[in-house]
Amino acid sequence: MPERPLSPHLSVYKFKYTLVTSISNRFAGLVLSVGFLILVYWLGSLAAGARAYAQACGILSLGVFKPIYLLLLAAFVYHLVAGVRHLVWDCGLGLERASARRSAWLVAAVSIALTLILAYFLLGPGMHTK
Amino acid sequence: MSLRSPLGRILGRGSAKEGVHHWWLQRLTSVALVPLSIGFVASLLALPALDYASLVAWLRQSGTALGLILFVLVAARHSQLGMRVVIEDYVHGEGLKTVALVLIDYAHVLIGVAAVFAVLKVALGGRL
């Protein structure tokens with residue numbers, strides 16, 4: 001077999017913001033795929049009746065899940081915002097270096113702000129656990 | 001030597017235009033997931049409480065059930081397409097890669113169907 005170039009080989013790339021935004025979107029997608037299992041478990045417990053639901057809530061409201069929910073929330077917000085950036089690119093817009101750099105910062109700022117606001121309402125002190 | 005022209009030789013053997021199928025489906029599902037996922041989160045946040053009775057009442061509204069079924073189906077398909085790319089990129093070795101892809105495909109069908117079944121069971125179920 002001839003040695004052919006493989007993609008992507010993360011180690012050969014120079015570290016740049018484009019690398020961070022790209023791999024973060026992938027990682028966020030993977031996190032959401034795993035998080036989807038929690039959603040389906042929750043739905044399934046609801047379908048299994050009141051007692052099963054109470055039991056599932058007991059498990060899902062354990063303290064160890066709090067950082068996981070925060071990670072899922074951040075992944076959801078980032079994947080959504082960065083995904084919209086990709087859809088804009090797919091329309092052929094904003095591909096120039098300057099505007100791509102601007103939109104990267106915009107995506108980061110919007111994601112952090114939205115994550116913090118939603119985290120306050122969903123996981124903050126005022127909200128009872130699910 | 002053939003007397004057929006270069007054009008004549010390649011006509012009918014061209015691209016079936018299916019090379020972008022995966023890419024296109026990933027975009028279609030992502031566009032649909034923007035309103036579906038925001039709608040799901042907003043609708044859940046609008047509930048006064050997340051106890052069993054309120055959630056069952058919520059799921060028995062046709063709009064909720066329909067939206068949630070669409071959401072879990074499209075999300076499962078989108079996740080399957082995304083994980084396929086990740087496996088194709090990072091899992092080397094044909095055997096392991098094939099096994100991983102098959103398992104991912106089956107798992108997503110199983111999870112998607114289980115989620116739809118759960119929603120339907122609550123939405124159409126008789127007594128609580």
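Visitor: What makes B:Lys97 a residue without a salt bridge?
Guide: This model is predicted. In it, B:Lys97 is buried, and the nearest side chain of opposite charge, B:Glu94, is 4.3 Å away. A salt bridge needs the nitrogen and the oxygen within 4 Å, so B:Lys97 has none.

Visitor: Where does B:Lys97 sit, and what is around it?
Guide: B:Lys97 belongs to helix H5 of chain B. Leaving aside neighbours within four places in sequence, B:Lys97 is in contact with B:Ile87, B:Glu88 and B:Val91.

Visitor: Why is the pair A:Arg26 and B:Asp89 called a salt bridge?
Guide: Their side chains meet at 2.7 Å, N to O. The cut-off is within 4 Å, so this pair qualifies. Across the interface of chain B and chain A, the rule finds 2 salt bridges and 6 residue pairs in polar contact. On the side of chain B that touches chain A, H4(B) gives the most, with 12 residues.

Visitor: How do you know how much area the two chains bury?
Guide: Buried area is what the two parts lose on being put together, summed over both. For chain B and chain A that comes to about 2,800 Å², with 79% of it on carbon and sulfur atoms. In chain B, B:Leu50, B:Tyr52 and B:Tyr90 lose the most area to chain A.

Visitor: Which residues touch the most other members of the largest nonpolar core?
Guide: Of its 37 residues, those are A:Leu43, B:Leu55 and B:Phe71. The largest share, 8 residues, comes from H4(B).

Terms used
Residues are numbered from 1 along each chain as its sequence is written. Chains are lettered from A and ligands numbered from 1 in the order in which they are written. This is a predicted model: local features need pLDDT of at least 70, side-chain atom pairs count only at pLDDT 80 or more; totals for chains, interfaces and linings use all residues. Side-chain values use heavy atoms; hydrogens and water are left out. A nonpolar core is a set of buried Ala, Val, Leu, Ile, Met, Phe, Trp, Tyr and Cys residues joined through side-chain atoms within 4.5 Å. Buried means under 20% relative accessible area, exposed over 50%, partly exposed in between (1.4 Å probe, protein chains only). Helices (H or I, at least four residues) and strands (E, at least two) are DSSP runs, numbered from the N terminus. Lys and Arg count as positive and Asp and Glu as negative; His and the chain ends are not counted. Contact means heavy atoms within 4.5 Å. Buried area is the accessible area (1.4 Å probe) that two parts lose on being put together, summed over both. A polar contact is a pair of N or O atoms within 3.5 Å; within protein, one must be able to donate a hydrogen and the other to accept it, and residues adjacent in sequence count only if both atoms are side-chain atoms.
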